There are 2 protein chains.
Amino acid sequence: MYYIGVDLGGTNIAAGVVDEKGTIITKDETPTLINRPYGEVLKSMADLILKVIKDASLTVDDIKSIGIGSPGVSDKNEGTVVFANNLNWHHVPVRKEIQKYIDLPVYIDNDATVAGLAEAVAGACKGYDSSVTITLGTGVGGGIVINGKPFSGSHGVGSEIGHMIVHVDGIECTCGNKGCLERYSSATALILEGKKAAKANPESLIYKKVDGDIEKITAKVVIDSAKEGDETAVKIFDNFIYYLAMGIVSVINAIDPAIIAIGGGVSKAGGFLLDALKKKVEDHIFYKDLPYAEICLAELGNDAGIIGAAMLGKVL
Amino acid sequence: MYYIGVDLGGTNIAAGVVDEKGTIITKDETPTLINRPYGEVLKSMADLILKVIKDASLTVDDIKSIGIGSPGVSDKNEGTVVFANNLNWHHVPVRKEIQKYIDLPVYIDNDATVAGLAEAVAGACKGYDSSVTITLGTGVGGGIVINGKPFSGSHGVGSEIGHMIVHVDGIECTCGNKGCLERYSSATALILEGKKAAKANPESLIYKKVDGDIEKITAKVVIDSAKEGDETAVKIFDNFIYYLAMGIVSVINAIDPAIIAIGGGVSKAGGFLLDALKKKVEDHIFYKDLPYAEICLAELGNDAGIIGAAMLGKVL
């Protein structure tokens, strides 16, 4: 049997046919065009699902279930998106709409949660009973898997690792609080600090790499500059790693997963990031002499959304 | 059938016979005398267990299992205390030692974790599938229950809520890190801040309540002064609540339990503490319009240790 995984984003909807092992057989995407009524968006989603099934030379009868990873909070029982800020959706009956067109079980969960499930089933966390996948992008996302199942708490609002508060009264967050982890350890934070530092230090490599065009500074520019030893960039990177390590120490002290995978765009910095992070966590772990979570890089990249959503039908 | 629960502390060992519902039938305690070899401590524990069984007019045949709540980290499979700082125990084979004297299954878990289990089975969190019990005492302890079972992670080092970092580079903690929750929201923190403030403000009620004998300042003195509206004490109490609320927001954002119970000595402040805490959490919760954990006072007090340890044999 096969599973459909859908990665619902603010810009695109991606869908794929996935096998038992979490391998994508076919995949495709279509623009979300989020300003349409949700019924139209979900009609496009259903069409896309039927297309990838056909592309795989399969029929609906070969498919066990449809899984959807959505931003925000979902009600798994009702099959609804309860609230998704960047879709501007409130209480959207996703399952009901999709089942108008396709008669299959429909599962839904948070996008970062299903990305964590993907890593647990077919990626970096395969073979571990519990894991936390931390996605470093515009924000910081969290996907928790416990005993092989996605975990987002009793009300579905958990696993928001990026909104754990690591610095009371720290930097203001988009969520209204101050000092959330994602204000210090996201791509956004690296870019912001990179811009500030480049303005203040035109001799820095960050400034040179963008030929003085501050707006071109990306997380990659900052990290690459740090890799090359630029003092300004190293300072920013070290602070980024320090806060991320403190967030991970809190995750370990609270949840103690078997393994923690670092994903998202920033994780492309690879070993440079991972080595620095592991060292910092090791320096600050609570029980110094006892085993704790392995820390590694996520493996599935953007495919994690489709794979994890598909695997909801396997593990639930 | 009945269960034995043992609360192993640095000063005393308490043991009780507990019924299916988590009610203590008989209980007693004996000094730990922790400087003895562990074999002697555990012989005393076995003697105490046999005594409380006899006190209940039962025999070993009426008992299903023995559960032990220990400080530090335990290996549940091996039945050992892996590391407990305030017992100075490393890899102590508790199960094996107890079974020399009593032929029953022996379970072992962290003391704060079993206190959380007690609240889940027979106290404030009864009827909820997941809960976090936060114990405000000398430190800040955490007991996580998920799907009715005690949760302390993959390596048994989780649920250390007091060592979640809420203020990177904040106040130094006994664990070697800086900014752990328990540095701001324990009885110890209240006492420390109370002493500092009383010294600086001899006109404060805190100072008056101890007749100027700073060393007599307790958490209760500070909270009682705050209750009576003393400006100095209110400031300390508000800061205490603020940090605790931020820690709880992090717990909700990460774990999203159905209910959070506040226990430990400081929780005797009752509604005064609870109301302030709930208000602060409400102001800072991530998803403002969605349901999140109920927050309440723990109910079982010191008995939680015995009851929760006993219930290990019921839920595992």
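Residues are numbered from 1 along each chain as its sequence is written, and chains are lettered from A, with ligands numbered from 1, in the order in which they are written. Because the model is predicted, local features need pLDDT of at least 70 and side-chain atom pairs count only at pLDDT 80 or more, whereas totals for chains, interfaces and linings use all residues; side-chain values use heavy atoms, with hydrogens and water left out.

Two copies of a chain are related by a rotation about an axis and a shift along it. The same surface serves both copies, as 100% of the contact residues of chain B recur in chain A. In the interface, 48 residues of chain B are in contact with 48 residues of chain A (contact meaning heavy atoms within 4.5 Å). The area buried between the chains is about 4,000 Å², and carbon and sulfur atoms give 60% of this area (buried area being the accessible area, with a 1.4 Å probe, that two parts lose on being put together, summed over both). His155(B), Val168(B) and Tyr287(B) supply 16% of the area that chain B buries against chain A, more than any other three residues.

In chain B, three strands form an open antiparallel sheet in the order E5-E6-E7 (strands, E, of at least two residues and helices, H or I, of at least four are DSSP runs numbered from the N terminus; two strands pair if DSSP finds at least two bridges between them). Strand E5 (73–75) and strand E7 (89–92) of chain B are the edge strands, each pairing on one side only. Neighbouring strands of this sheet are turned by 20° against each other on average, direction ignored (axes being lines fitted to C-alpha atoms, for helices over the stretch in contact, with angles from 0 to 180 degrees between N-to-C directions). Three bridges join E5(B) to the antiparallel strand E6 (residues 80–84) of chain B, and Ser74(B) has Val81(B) as its bridge partner in E6(B).

Chain A likewise holds an open sheet of three strands in the order E5-E6-E7, with antiparallel pairing. E5(A) and strand E6 (residues 80–84) of chain A pair over three bridges, with Val73(A) opposite Phe83(A) in E6(A).

Asp256(A) has a positive phi, near 45°, although this residue is not a glycine. Asp256(A) is placed in the loop between helix H8 (231–255) and strand E12 (259–263) of chain A and is buried, with a relative accessible area of 0% (buried meaning under 20%, exposed over 50% and partly exposed in between, with a 1.4 Å probe and protein chains only). In chain B, Asp256(B) also has a positive phi, of about 45°, and is buried at 0% relative accessibility.

The structure holds zero disulfides over all chains (a disulfide being a pair of cysteine sulfur atoms within 2.5 Å). The sulfur of Cys180(B) is 3.6 Å from the closest cysteine sulfur, in Cys175(B), and therefore too far for a bond. Cys180(B) is buried, with a relative accessible area of 0%. For Cys296(B), the nearest cysteine sulfur is that of Cys125(B), 5.1 Å away; Cys296(B) is buried at a relative accessible area of 12%.
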